[in-house]
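Here is a short report on one protein chain.

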Amino acid sequence: MSKEDLIKFCRYFKGEAENPWKDCIEALLWEWEKKWVEFTLKVYKGQQKMFLNEMLNEYIAVGLRTFNDTDDTPATLKALLFNRYLHLNKLPMKEGVESFKDFYDKTYYKKSPRE
C-alpha cells in the first residue's frame with residue numbers, strides 16, 4: 001500500500017508535514033495517525049513491524065478484535081489508537097477497554113471537522 005492509500009483511512013492526518021490542528025485532542029489524533037502511516041509503510045523494517053504487531057496483539061488480547069469491525073478503520077490503526085489512549089490516560093489494558101470504546105465512538109470516529 002502507498003502512503004496515499006493509507007492516508008485515505010485517516011480522519012485527521014492528510015499527509016501534511018506540519019500539524020494543522022490547534023485543538024489538543026485533534027492534534028494528538030493527527031500525530032497518532034501520522035505515526036500509524038509511518039509504521040505501516042515501514043512494516044518490513046524491523047522495529048516498526050514489532051511495534052505494530054505488539055499493539056495489535058494487545059488489542060486482540062483484551063477482546064477488541066471485532067470492535068467496530070465494519071467501520072473503515074484498519075485494526076492496526078485502532079490498535080495504535082488504543083495503545084496511545086491507554087498511555088495518555090495511564091490506564092492498564094483491561095481497565096481501559098470500555099473507556100477506549102467510548103473515546104473511539106464519540107471522539108475519534110465522529111465526523112472529522114475536515115471532511
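The expected span of a helix is 1.5 Å times one less than its number of residues. Helices (H or I, at least four residues) and strands (E, at least two) are DSSP runs, numbered from the N terminus. The model is predicted: local features need pLDDT of at least 70, side-chain atom pairs count only at pLDDT 80 or more, and totals for chains, interfaces and linings use all residues. Residues are numbered from 1 along each chain as its sequence is written, and side-chain values use heavy atoms, without hydrogens and water.

**Overall make-up**

The protein chain has five helices and zero strands. Its pattern along the sequence is α-α-α-α-α. Of the 115 residues, 37% are buried. Buried means under 20% relative accessible area, exposed over 50%, and partly exposed in between (1.4 Å probe, protein chains only).

| Helix | Residues | End-to-end C-alpha span | Expected span |
|---|---|---|---|
| α2 | 24-41 | 26 Å | 26 Å |

Helix α2 has 18 residues, and its span is close to the expected value.

At the start of α2, a side-chain oxygen of Asp23 comes to within 3.4 Å of the backbone nitrogen of Ile25. This is a polar contact if a pair of N or O atoms lies within 3.5 Å, one able to donate a hydrogen and the other to accept it; residues adjacent in sequence count only if both atoms are side-chain atoms.

Both helices have buried residues. In α2 they include Trp30, Trp32, Glu33 and Trp36. In α5 they are Gly96, Val97, Phe100, Phe103, Tyr104 and Tyr108.

**The core**

A nonpolar core is a set of buried Ala, Val, Leu, Ile, Met, Phe, Trp, Tyr and Cys residues joined through side-chain atoms within 4.5 Å. The largest one has 32 residues; among those with the most contacts inside it are Trp36, Phe82 and Phe100. Elements giving two or more residues to this core are α1 (3-7), α2, α3 (47-61), α4 (75-89) and α5.

Which residues does Phe82 touch, not counting those up to four places away in sequence? They are Tyr59, Val62, Leu64, Met93, Gly96, Val97 and Phe100. Contact means heavy atoms within 4.5 Å.

**Asp5**

Asp5 lies in helix α1. Asp5 counts as partly exposed because its relative accessibility is 30%. Its C-alpha is 9.6 Å from that of Val37, 32 residues apart along the chain.
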